[in-house]
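I begin with the chain as a whole and then turn to the aromatic residues.

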Amino acid sequence: MYICISQISYSSALAALSDRSRFRNYFRTFPSFEDLAPAIASLMRHFNWSRIAFITQEENLFTKALSDFRTEVKDTNITVIDRSFKTQQTDLGRNIRDIFGQSDDYRIFFLNMYSDKGREIICEAAKR
């Protein structure tokens, strides 16, 4: 039996959930990652920023945002570097140089990960 109950999510960003043929009663208050790429690119162009570093947790949920952004800025002067880490990786703070790599001259970072990993990376970066 199918019951038409509306579902509203405050944080789900998976683009597949936008498919109205499969999820006709699903709504969200948070945009999908597909909507983020044009918004970030627009901000970069507005402020004349030309370099961005993506740091991504290797999860299906997060990896699509980088590919969408690369497509969005393909024919622009925006340079994109990306670093990623595996979800199982522990003690990110000690490996912060491995994550940031050669990105010392970057000022715009897009952290695409779960909040616990994001806090760890931001706290360690602030110490340096």
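1. What does the accessible surface of the chain come to, and what percentage of it belongs to carbon and sulfur atoms? In this predicted model, the accessible surface is about 8600 Å², and carbon and sulfur atoms contribute 52% of that area. Of the 128 residues of the chain, 35% count as buried.

2. The chain contains four helices and five strands, which follow one another along the sequence in the pattern β-β-α-β-α-β-α-β-α. Among contacts with a separation of 6 or more, 56% are between residues 24 or more positions apart.

3. Four aromatic pairs are found in a search of the whole structure. In the pair of F54 and F69, the ring centres are 5.1 Å apart and the planes stand at 40°, so this pair is tilted. Because F54 belongs to strand β3 (residues 51-57) and F69 to helix α2 (residues 60-72), the pair ties together parts that are 15 residues apart in sequence. F54 is buried, at a relative accessible area of 1%, and F69 is also buried, at 0%.

4. A further pair, F62 with Y114, is edge-to-face, with 4.9 Å from centre to centre and 80° between the planes. F62 lies in helix α2, whereas Y114 lies in the loop between β5 (109-112) and α4 (115-127), so the pair ties together parts that are 52 residues apart in sequence. F62 is buried, with a relative accessible area of 5%, while Y114 counts as partly exposed at 38% relative accessibility.

5. Finally, F54 and F69 form one aromatic cluster together with F110.

Definitions and conventions:
Residues are numbered from 1 along each chain as its sequence is written. This is a predicted model: local features need pLDDT of at least 70, side-chain atom pairs count only at pLDDT 80 or more; totals for chains, interfaces and linings use all residues. Side-chain values use heavy atoms; hydrogens and water are left out. Helices (H or I, at least four residues) and strands (E, at least two) are DSSP runs, numbered from the N terminus. Buried means under 20% relative accessible area, exposed over 50%, partly exposed in between (1.4 Å probe, protein chains only). Contact means heavy atoms within 4.5 Å. Accessible areas come from the Shrake-Rupley method with a 1.4 Å probe; for residues, only the protein chains shown count as cover. Rings of Phe, Tyr and Trp (its six-membered ring) pair if their centres lie within 6.5 Å; planes under 30 degrees apart count as stacked, over 60 as edge-to-face and the rest as tilted.
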